[in-house]
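Colleague: Please show me the structure that we are to discuss.

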Amino acid sequence: MGRFIARRTVASAISLAFLVMAVFFLSRLTGDPTDLYLPLDASQEVRDNFRELNGLNDPILLQFAYYLGDMARLDFGTSLRSAEPALAVVLQAFQWTLVLALVTMAFVTVAAVILGSLAAFNVGGVLDRVATFFSLIGASAPDFWLAIVAIVIFSVNFGWLPTSGTGSIWHWILPVSVLFIRPFGLILQVVRGSMINALGSAYVKTARAKGVAPQPIIFTHALRNAMLPVVTVMGDQAAGMLNGAVIVETIFGFPGVGKLMIDSILQRDFAVILAAIMVTAVAIFIMNLLIDLAYALLDPRIRY
Amino acid sequence: MPDPILEVRDLSVTFETARGPVRAVRNVNWHLARGEVLAILGESGSGKSVSASAVMDLIDIPPGRIDSGEILFEGRDLLKMSPKERRKINGPRIAMIFQDPLSHLNPVWTVGWQIEEAMVIHGTGRAEARSKMIELLGKVGLPNPAEAAAKYPHQFSGGQRQRVMIAMALALKPDVLIADEPTTALDVTVQAQILALLEDLQRETGMGLLIITHDLGVVAEIADRCIVMNKGEIVETGTPAQIHNDPQHPYTKKLIAAAPGKGQMSDGGDGRSLLLQMRGATKAYGDVAVLHGIDLDIHAGECVAVVGESGSGKSTVAKLITRLEPASGGTAMWKGEDLFTMPPRRLLEVRREVQMVFQDPTQSLNPRMSVQDIISEAWVIHPDILPRHRWRDRVAELLEQVGLEPDHAHRYPHQFSGGQRQRVAIARALALEPRLIICDEAVSALDVQVQAQVIRLLARLGRELNIAYLFIAHDLPVVRDFADSVVVMKLGRVVEQGPVRQIFDTPRQDYTRNLMAASLDPDPDVQAARRRQRQEMMA
Amino acid sequence: MTNQSTPNTAATRNVSASAEDAPMLLRYGRMLVADKTALVAAIFLMVMVLCAILGPMLLGDLATRQNLRGRNAPPFDISRGWAFVLGGDQLGRPLLARIIVASRNTLMVAAGAVAASLVIGTGLGLIAGYSRGRMSQIIPRLADVIMSFPSLLLAVIVLFMLEPAVGNIILVLAITRIPVYLRTARAEVLEIRERMFVQAALVMGASSRRIVLRHILPVVLPTLLTIATLDFAFVMLAESSLSFLGIGIQPPEITWGLMVSQGRPYLTNAWWLSFWPGLAIILTALSLNLLSNWLRVALDPQQNWRLEARRSNDA
């Protein structure tokens, strides 16, 4: 197991290294890096100063060495907007996104697994059709559109829920609901398909021949087998939740890392963007590791 | 005749399919007494498993539908009981084991848990179930029962998994055990052990045993009474000896006639030129050696059979000759050149002369190519064999040669039956006018009658076109009828080789003798003799 | 194949030859008619494609002509002309005409990105799956690197550094979707490569090129096309999101996502500005999803009898 974690860490480090390199060369080769780090209206003098100070006049390989050194020390530079270390700014925002993602994912998992299993048990029934409908909506409706429609209906028309901010529990309902729909639809569909397979499998037949009742057949015999593909998709969706978070946080004024990135981009705060890239990449790496471990836990045939 | 414990009366079952309803069984009647072994014999599609599925409440409704009939267990009609009542019968009273125990055991739970569950759901206490489970695992012959209980199904061999299934089925001492193809896909020696285990346990508990099988040998070995099914109907009932020696129904007659192992054994041809000479062939994957120096001669027009149990390396030999895998050592001389070290350009020419027919014709034909494309692909790769304008005629000719219609050329593989598909595969091999065809278990997935037809076809083609065969098989009766000489392999080594008569009549090695004794013969008298022989060898 | 399933398989095996002998296009046409939802979806998509091709040519002027008296004109009122049936936008331009014109950018970006990622991803996947050399190690790593980061963020970052022009957006979206095809193609190739018909071709002496193009690709392609249809919807949503966030296609070009974003400030008094373009996105994505479901069955020779059977049952 230790060996496996080590191997995965190395593999992820390689991915990270690619990312670091890509960001560096893209930022250096596509234009003047002072454009990235400094406000657009910065004077030539300020720019020259910045160049000198940050070694931007040095040969590109030397610059790359500095850049790597900074990365290694977790020094991503200073935020233009808040003048705080970029990493601190990102970590602050990241907490919010993490909670948002965890809460949503918890709801998604519970709802998708239960509804998906029951839909699979009665293919073509009412629940099955409800499940199919949700999956189609999840895969077809843009979340930004759902978000603004939800605001119009629940906040503007009825005035039930706040439009933005994070003050109370009420502030969480709309962001979580909007973020919920896409992964829910997708995972629901996977649970359903996987459960249909499991319920039609030979070992379920054996269980029936033993006289096992329907409920334990679904939840003890079939579900654990059916969860294997589901866990994979859940991993992808949890990572993809950051996609949704960018939209949802921007629309609902939620102070997470997605909104931070968009704000930083619009205000050209490159240090923060860089830090945010690295933090999310590490977070996704940790999550993928957890997914792999969950896999081993569920399936005795997998040993690392 | 004692009162039957289980009786099926006038049962008809229909399955709704996309192409309309299919009547899987029609007005089927049978009964099973305590202590009796009843066999239901049938080919694929005969509906032989359907009535057992009905007994176990395993028919999904829809698409299945029970049109008529009753299933009496101790006089009560199972079909009139509630699902809950039937669940109380499944397990404690009637139990079932299946073909392919790997897929029928739940992969994510330990075998111990699965056996315990069979008892716990019917009211046994956890602790009692646990000790009984370990006792059962010992009884079905698993070494280290306590350790085995904590393992998962994938950690056992095929035979051991079937033992686990048996332990699970017998946990609550059922009155009836239904075994659906319990030994199909197992090696012959393992098959013999499992059948012996079932017989012992049946004698000990006095239960009724229903065996569903396609194998006349299994019937001859174990059954007291036999039902022959064809196309959903029972065509004949009787003792195995009656069925074998004096079949009444035309279908049964054909079935018995098609059973392999009775034909004239070949005397081998003399003075034929040497085609392939393999010496000291080895193969290793990393540190694991799977072949330890194989010597093998194939003469022109000769059929050399390679027999052995799973893991003997017989398929690897085929892969080395066709260069699907590189050999690790040794030589294989083909017309004076070494196949193993031949450069690719030269190899292309040899590939015309060495062709292969695979086990599963469903998988060896590209599902997205028509028969015309499948057969003529040979000439695309080797354009010098045949000019393009002759392809169509030649395909028609080849199809006729293997017993198909010329206008089958436009069809796709899934439109054929299994036997027809294998004929297409043979036509494809013939397209290159080969000198040697390697048949890797080429008939073992086919029903007996189809099997016999394909073997006859291969034999005729071999004679007419002077083709040699390397015939890889685990089914000894087929080998006996078809081969000129036999190579017996075990764990990557050749144990014994010689003319087919010598191997079958006077085997020299214990391993070969064991193999012969374990293989099942459709004739109950022969089978009885073999049993005596087996018991003597044990003693 | 287990012996228990015999009644079904026996029946499906002897497929009637008549249905199979009909020409390909006709067969698929029949199967499409058999699935009413898929048929509606296909017709809707065809209308959308026509809009994308002809719309800018026919309605380009109408869609950009400002009309201050028609600002935020409410929908379902055709006194200003049929183009205002969905209302007018903040500058008094007819929404219906704008939606039709915007379909070109929206669909073009998605089509370009899907086509590029399909071709590149499939090519790399075939190589990674079939070759046994170093490429089979390196190429999957590439997919891992791209997949290890959320696609939208990747696009955001790249577009931050590159110009948000149509070409760049297609490029970015294509890159983020390459792993989907690469992984699928590779996994399928790894499995198909071991199938016996490939071995049979090898024994005949077929070259690697022939095996990959003639034996493996035709088996993989239906799966990939099905995924591509589904992905078209996904890419369209991604492009809309980028446009909505203001880092995608920039005005005066229009896309549906951009229209939703431009209507956002007027949500409280003119909901239709954002609602209709959003609905256009949903309906198109929905149609693609439905069509993908149909494709999955229709392209599978083991499954498509269901559609053919359904048709004959209806008749």
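Modeller: The secondary structure of chain B comes to 22 helices and 20 strands, where helices (H or I, at least four residues) and strands (E, at least two) are DSSP runs numbered from the N terminus. This is a predicted model, in which local features need pLDDT of at least 70, side-chain atom pairs count only at pLDDT 80 or more, and totals for chains, interfaces and linings use all residues. Residues are numbered from 1 along each chain as its sequence is written, while chains are lettered from A and ligands numbered from 1 in the order in which they are written.

Colleague: What is the radius of gyration of chain B?

Modeller: The radius of gyration is taken over C-alpha atoms, and the globule rule is 2.2 Å times the number of residues to the power 0.38. For 539 residues that rule gives 24 Å, and chain B comes close to this, so chain B is as compact as a globular protein of that length. The radius of gyration of chain B is 25 Å.

Colleague: Is B:E181 buried or exposed?

Modeller: B:E181 is found in the loop between β7 (176–180) and α8 (188–205) of chain B, and has a positive phi of about 45 degrees although it is not a glycine. A residue is buried if 20 or more other C-beta atoms lie within 10 Å of its own, exposed if 12 or fewer, and partly exposed in between, with C-beta atoms placed from the backbone. Because B:E181 has 22 C-beta neighbours inside 10 Å, it counts as buried.

Colleague: Which class does B:E433 fall into, with 15 other C-beta atoms within 10 Å?

Modeller: B:E433 is not a glycine either, yet has a positive phi of about 50 degrees. Its place is the loop between α17 (418–430) and β17 (436–440) of chain B. With its 15 other C-beta atoms within 10 Å, B:E433 is partly exposed.

Colleague: Which element gives the largest share of the side of chain A that touches chain C?

Modeller: Two residues are in contact if their C-beta atoms, placed from the backbone, lie within 7 Å. The contact takes 34 residues from chain A and 34 residues from chain C. Elements of chain A that give two or more residues to this side include α1 (2–29) and α12 (270–298). The largest share, 7 residues, comes from α10(A).

Colleague: In which loop of chain C does C:P252 lie?

Modeller: The peptide bond from C:P251 to C:P252 is cis, with omega near 10 degrees. C:P252 lies in the loop between α10 (208–245) and α11 (256–263) of chain C.
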